[in-house]
Amino acid sequence: MTDPAKVRRHAERIRELVASVVRSQIKDPRLGMITITDARITADLRDATVFYTVLGDAAAQASTAAALESAKGLLRSTVGKALGLRHSPTLTFVLDDVQDQVKHIDDLLAAARNADAEVQRLAAKAQYAGEPQPYRVEDEDAEVEETEAEDTEAAVDESRGGDRR
């Protein structure tokens, strides 16, 4: 089993190497404005997946994918020599659609904000369906009268000579 730290180091090194080779050595006119975003390699160091983004429309993305596919041999040999592994890892290029996901999440957040604003606007005009105080509250004046009556009875009892038992 390979050390996970070693696998991460190799993946990072693959990302750097591929980005460098794409920038300096590949002169394919189909290659668009490309950014190598990430690289992952399997634990046995045999297969590497390289993620990239392309600035442009679907045609630019397709032509860049074709250019990377045709330069795969050069990239694989460069990576194999630089890493010094017994077997050069096979490279698979995957279009990273992070920007599309970010746009989708931003749209969802905007829709949620609009829905919250609408709920608050409706809540500002809302009124209770029943009475403003739905719970039964004893009348405070009745409580005061009952307390005074009890105090008066206690005073009368004391004036008659104490407790009645």
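Guide: Let us start with accessibility: a residue is buried under 20% relative accessible area, exposed over 50%, and partly exposed in between (1.4 Å probe, protein chains only). D38, with a relative accessible area of 27%, is therefore partly exposed. The model is predicted: local features need pLDDT of at least 70, side-chain atom pairs count only at pLDDT 80 or more, and totals for chains, interfaces and linings use all residues. Residues are numbered from 1 along each chain as its sequence is written, and side-chain values use heavy atoms, with hydrogens and water left out.

Visitor: What share of the residues of the chain counts as buried?

Guide: The chain has 165 residues, and 22% of them count as buried. Accessible areas come from the Shrake-Rupley method with a 1.4 Å probe, and for residues only the protein chains shown count as cover. Here the accessible surface of the chain is about 12,400 Å², and carbon and sulfur atoms hold 51% of that surface.

Visitor: In which order do the elements of the chain run?

Guide: Helices (H or I, at least four residues) and strands (E, at least two) are DSSP runs, numbered from the N terminus. This chain has 5 helices and 3 strands, in the order α-β-β-α-α-β-α-α from the N terminus on. A contact means heavy atoms within 4.5 Å. Among contacts in the chain with a separation of 6 or more, 62% join residues 24 or more positions apart.

Visitor: How many salt bridges does a search of the whole structure find?

Guide: A salt bridge is a side-chain nitrogen of Lys or Arg within 4 Å of a carboxyl oxygen of Asp or Glu. The search finds 7 salt bridges. One of them joins the side chains of E12 and R15, at 2.6 Å from N to O. Both residues lie in helix α1 (residues 4-24), 3 residues apart, about one turn of the helix. E12 is partly exposed at 35% relative accessibility, and R15 is also partly exposed, at 23%.

Visitor: How far apart are the closest N and O atoms of E118 and R121?

Guide: The closest N and O atoms of this salt bridge are 2.4 Å apart. Because E118 and R121 are 3 residues apart in helix α4, about one helical turn separates them. E118 is partly exposed at 36% relative accessibility, as is R121 at 41%. In another salt bridge, R40 meets D38 at 3.3 Å, N to O. R40 counts as exposed, at 52% relative accessibility, whereas D38 is partly exposed.

Visitor: Which residue has a positive phi although it is not a glycine?

Guide: That residue is L45, with a phi of about 60°. L45 sits in the loop between β1 (33-41) and β2, and its relative accessible area of 9% makes it buried.

Visitor: Which residues line the largest pocket?

Guide: On a 1 Å grid over the protein atoms alone, a pocket is an open set of points with protein on both sides within 12 Å along at least five of seven lines, and lining residues have an atom within 4 Å of a point. The lining consists of T37, T53, V54, L55, Q61, L95, D96, D97, V98, Q99, D100 and K103. The elements giving two or more residues to this lining are β2 (47-55) and α4 (98-124), and α4 gives the most, with 4 residues. The volume of the largest pocket is about 230 Å³.

Key: 1 Å grid on protein atoms, 1.4 Å probe; cavity = no way out; pocket = protein on both sides within 12 Å on 5 of 7 lines; lining within 4 Å. Points joined across faces, edges and corners; volume = space filled by probe spheres on them.
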